[in-house]
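Here's a quick briefing on how the side chains pack in this one. Have a look at the sequence and the model, then read on.

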Amino acid sequence: ITPQEIMNIVQKYVPVETWSALCSELDQYVEDKAKRSLMLEARNNHGLIRYLTVDKIRLCDRNMEWREALHYVAEPLVHRGSIETGYVDSIISMIETMGTYMFFVPGLILAHAKPDYHVKHMDVSVGVFRQPVEFSQYRHAKIIIMLAPVDKDSHLEILRDIMRVFAVQTRIDDLQQSGSSMEVLENLQRYCFDSNSQYLEE
């Protein structure tokens, strides 16, 4: 439906002097609607929100040791059959060997390992911690995102979404204040849409 088609219907019901303003507003509405539809389609088909559901978001109010926290975030993926616990053991081993290089930005660690037989399906889960998890003296995670890739390429859209969303540092603190897993998901959906819309405009 075009703005002109709408105007052909409504013009006999509105004063002539308002036609120009009405056409302009209709043009903007249709353009915004089309852009939003494209963004929703792209987001649902490829990125973070396609895989992230409310049951894979965990909120924690108590202190956790970092290994325990990784298993805590991984539980929904294990329960779904997306990964085996051996995948979490691989992540822990890599951190013990190589240090805290998985920190994506201050306050957020992207926990992941190389694709192997412990990963059955590509998936992602999120843990939000009221009490930051200490990985080292200088590295504390308010958010742990666990990414389970099945190959070298198919998870790249998820990574791009994470990069765009958390380029705004304040979003980590905002998510930490969320009252429920659903609120975390809704905020992440909004962040993904806003970030991807800004990326397209640029």
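Contact here means heavy atoms within 4.5 Å of each other. Keep in mind that this is a predicted model. With that in hand, let's start inside the protein.

**The largest nonpolar core**
- Leave aside neighbours within four places in sequence, and Met146 is in contact with Leu70, Val73, Ala74, Leu77, Ile83, Val88, Ile91, Ala111, Asp123, Val124 and Ser125.
- Met146 belongs to the largest nonpolar core, which has 28 residues. Along with Leu70, Ile83, Ile91, Phe129, Phe135 and Ile144, Met146 touches the most other members.
- At least two residues of this core come from each of helix H4 (66–80), helix H5 (85–98), strand E3 (108–111), E4 and E5.
- H4 is the top contributor, giving 7 residues.

**Rings**
- You'll find 3 aromatic pairs in the structure.
- Phe103 is buried, at a relative accessible area of 8%, and Phe135 is buried with 8%.
- Trp66, Phe103 and Phe135 are linked into a cluster by ring pairs.

**A charge over a ring**
- Arg58 lies over the face of Tyr72, 4.1 Å from the ring centre.

Conventions:
Residues numbered from 1 in each chain as written. Predicted model: local features only at pLDDT ≥ 70, side-chain atom pairs only at ≥ 80, totals over all residues. Heavy atoms only, no water. Phe/Tyr/Trp six-rings, centres within 6.5 Å; stacked < 30°, edge-to-face > 60°. Buried < 20%, exposed > 50% of the residue type's maximum accessible area, 1.4 Å probe, protein only. Lys NZ or Arg CZ within 6 Å of the ring centre and 35° of its normal. Core = buried A, V, L, I, M, F, W, Y, C linked by side-chain atoms within 4.5 Å. Helix = DSSP H or I, 4+ residues; strand = E, 2+ residues; numbered from the N terminus.
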